[in-house]
Amino acid sequence: MHIILGGTGNIGSVLAARLLERGEKVTIVSHDEKKKKEWEDKGAQMAVVNVLEVDKLRKVFDTGERLFLLNPPADPSTDTVKEEEKTVTAILAALQGSKIQKVVAESTYGAQPGKGIGDLGVLYEMEQSLSRIGIPASVMHGAYYMSNWIFSTDQARETGKLYSFYPADFKLPMVSPADIGEFGAGLMLEPLEKTDSYYIEGPEAYSPGDVAEAFAEALRKPVEVAVVPEAEWVSYLQKGGFSLEAAESMATMTKLTLEQDYKMPVSPVKGKTTLKEFIKGVVNGS
């Protein structure tokens, strides 16, 4: 049995679907009971559990042998770092002493020690803690998610502008979450003793200018990049519903990415989805 955390999200849903297609048994852990019938109709089981309930979560873990670990993203209106530290701590506590024999975990490019740096710090600590538990684990590090641009769709359609914290020509590795899910499904089926650290990105690096071009092509209208000055990052995020703490950690994480203050992988796994294919799917609702 494969236990999937985040199984209703962009990555986990693809991973779970691929495992089901291969005849594997899957249990999806979610707090959203509304999606239970949908996944049961696909052949999966669903455990409706709040990941903060350690004892209940461990009982779910005890029904399986392999775990896909994706720490749920916190609501940006909260102190996201604090909330995500709570959930990952609870998940790791439930994992200790459970019957899980192997873990495939989702981390990120640029994961590093530090406070107030969003996922970069939270997921670094997750990796370190996971290594100390002693259960065989493979870790995937995803590049910048193409799905981060989904929230710009209406803005691009209505105003013809794509607001970005990065310069229009700043290229960085991006990846479709579906490609991470595809790759992760394969890792879930590997022998227990086979573990490694992987980096996954799309076919090539892309810039905000490339994103604007992809939206322009999909929307069939001009779209241009509007760069938000660094001094306005926090206030811009707060206007979008971020708490001050979440806005500040996002701004710090963005600056670290902009400065590429971390080691880039030498031989990353290459996903197949191009940026234009992804954006076209978003615009067309597929």
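**Reading contacts, burial and strand order**

Tutor: Leaving aside neighbours within four places in sequence, Ser249 is in contact (heavy atoms within 4.5 Å) with Thr80, Val81, Gly116, Ile117 and Gly118. This is a predicted model, where local features need pLDDT of at least 70, side-chain atom pairs count only at pLDDT 80 or more, and totals for chains, interfaces and linings use all residues. Residues are numbered from 1 along each chain as its sequence is written, and side-chain values use heavy atoms, with hydrogens and water left out.

Student: Is Ser249 buried or exposed?

Tutor: Buried means under 20% relative accessible area, exposed over 50%, and partly exposed in between, with a 1.4 Å probe and protein chains only. Ser249 counts as buried because its relative accessibility is 5%. Ser249 belongs to helix α10 (residues 244-258); helices (H or I, at least four residues) and strands (E, at least two) are DSSP runs, numbered from the N terminus.

Student: Which residues of helix α3 are buried?

Tutor: In α3 (residues 54-61), they are Leu57, Val60 and Phe61. They lie on the same side of α3 because they cover an arc of only 100° around the axis, taken from the directions from the helix axis to the C-beta atoms. On the other side, Asp55 and Lys59 are exposed.

Student: What covers the buried residues of α3?

Tutor: The cover includes β1 (2-5), β2 (26-30) and α4 (80-95), among others.
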